[in-house]
Amino acid sequence: MSAAYWCEYAWLPAGPVAGVVVRCADGRIVEVSLAETAPAGARVLRGLVLPGFANVHSHAFHRALRGRTHGGGGTFWTWRDAMYTLANRLDPDSYLRLATAAYAEMAVAGVSVVGEFHYLHHPPGGGRYAEPNAMGEALAEAAAVAGIRLTLLDTCYLAGGIGTPLGPEQARFSDGDAHAWADRARPGVDRGGVRVGAAIHSVRAVPRGALATVVEAARGHSLHVHVSEQPAENEACLAAYGRTPVELLDEAGALGPRTTAVHATHLSTQDIGLLGRSRTAVCLCPTTEADLADGLGPAGDLRAAGSPLSLGSDQHAVVDPLVEARSLELGERLRTGRRGHFTPGELVDAATAAGNDALGWPGGGRLEPGAPADLVALGTRSVRTAGCRLDQIVLAATAADVGTVVAGGRVIAVDGRHETLGDVGALLDEAIGDLW
């Protein structure tokens, strides 16, 4: 399938440019050129067109927790208890419905590729489905229906904490040992166009002796890991191993350019240096880190040390890549008392190109030949964006300003409505209501 789009303005490497034609074939961009007016047959995209957004860190089932965990305040750990309750209500059919709605919400917000940090592997209480990857296949089908690309980060999860066995609420997450996980997950094996990577849930959930097995199974593919999200994680790791989580991962050979550390909130100076020197990427999830009172990670220090930065919505308290992007800058302002840590172009890169790289889609998230044909048109005349300089619009726009969304060269959403699924709010309401 071929298509052409004429962009009123487009975000090219040098910044916003007026009158840009993007021609696509077989899901990829084949030509980017300039034209003052739309050529015959081209679809007109008004406003400013950016590359499609990458949501690097998703737990699709967490979407059903939005607006349900705030009573009485609580902590990260009480939130986790509510998450376990929800997890054990899901089967492949209900997961398909929920994930389809969650991915459709991402699609109308401009997301064209998602990294699913997937550990909901088996039936509640343990055991196995007849198809061992039934829950992962539900996610793959959901992404296909929503029209977005998926990197399935199949997650190894073996323990309830350092030196602590799994609780009954965690049994469905585990394959028993790292070798059994690797045999089932098979990172790098194509599952119908889905890219399969790997994840270490955390140093709490994967014992020291199992880390190298996961690293070896993931070799040559994307490897993600929750790192230092909570001070308690660091304290437990230091007490058990005499090392921080980052130092333990370094010892196991887990750090490197194909690895992404998620959250990386509570790091030592030594940790930051190890991540940066190894070119380990870092995915920050600012709205989740705020929602769970995790804290502000050292984004500027990580970038200066050499770690590429990307963004994720994690538990989907907010699904808005533009809010996540500017929260990267705003968090640094709050942390340091200074402005101007990230240019608008660097924020766009974190939300697009760096995210594609972290998910194993190198070259994606860019408006250039060879890249996936993913385009997001932002309205420039809304109550949020009217009067903005185009090169600073990322610091003002929200997902409500997303107009036409193109993924793989095909229009998948227009003005908040999904082209094939229709009213995404109704879809979410039904899927979540059934679970509660």
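Modeller: Let us begin with a pocket: in the lining of the second largest pocket, the element that gives the most is α3, with three residues. Please keep in mind that this is a predicted model, in which local features need pLDDT of at least 70 and side-chain atom pairs count only at pLDDT 80 or more, while totals for chains, interfaces and linings use all residues. Residues are numbered from 1 along each chain as its sequence is written, and side-chain values use heavy atoms, with hydrogens and water left out.

Colleague: What do the words pocket, cavity and lining stand for?

Modeller: On a 1 Å grid over the protein atoms alone, a cavity is a set of points where a 1.4 Å probe fits but cannot get out, whereas a pocket is an open set with protein on both sides within 12 Å along at least five of seven lines, and lining residues have an atom within 4 Å of a point. Grid points are joined across faces, edges and corners, and a volume is the space filled by probe spheres set on the points. In this model the second largest pocket holds about 350 Å³ of space, and of its 18 lining residues I148, R149, L150, G193 and W361 lie nearest the centre.

Colleague: Which elements each supply at least two residues of that lining?

Modeller: Helices (H or I, at least four residues) and strands (E, at least two) are DSSP runs, numbered from the N terminus. Here the elements are α3 (134-146) and β7 (149-156).

Colleague: How is the largest pocket described, by volume and by class?

Modeller: For classes, Ala, Val, Leu, Ile, Met, Phe, Trp, Tyr, Cys and Pro count as nonpolar, Asp, Glu, Lys and Arg as charged, and the others, Gly among them, as polar. The largest pocket has a volume of about 540 Å³, and its lining divides into 14 nonpolar, eight polar and eight charged residues. Of the 30 residues that line the largest pocket, P257, D357, A358, L359 and G360 lie nearest its centre.

Colleague: How many cavities of 30 Å³ or more does the structure hold?

Modeller: There are two of them. The largest cavity, with a volume of about 170 Å³, is lined by 18 residues, and F76, W79, H201, H226 and E229 lie nearest its centre. Helix α1 (residues 76-87) supplies the largest share of that lining, five residues. The second largest cavity has about 90 Å³ of space, and its lining includes F53, A54, N55 and V111. To this second lining β5 gives the most, with three residues.

Colleague: And how should I read two packed helices?

Modeller: Two packed helices are described by the angle between their axes and the distance between the axes. Axes are lines fitted to C-alpha atoms, for helices over the stretch in contact, and angles run from 0 to 180 degrees between N-to-C directions. The axes of helix α4 (residues 178-185) and helix α5 (residues 208-217) come within 9 Å and cross at roughly 15°. Therefore α4 is roughly parallel to α5, a word that applies to angles under 35 degrees.

Colleague: Which residues make the contact between α4 and α5?

Modeller: Contact means heavy atoms within 4.5 Å. From α4 come A178, H179, W181 and A182, and from α5 come A210, T213, V214 and A217. By class, this contact has six nonpolar, two polar and no charged residues.

Key: Angles under 35 degrees count as roughly parallel, over 145 as roughly antiparallel, 65 to 115 as roughly perpendicular and the rest as oblique.
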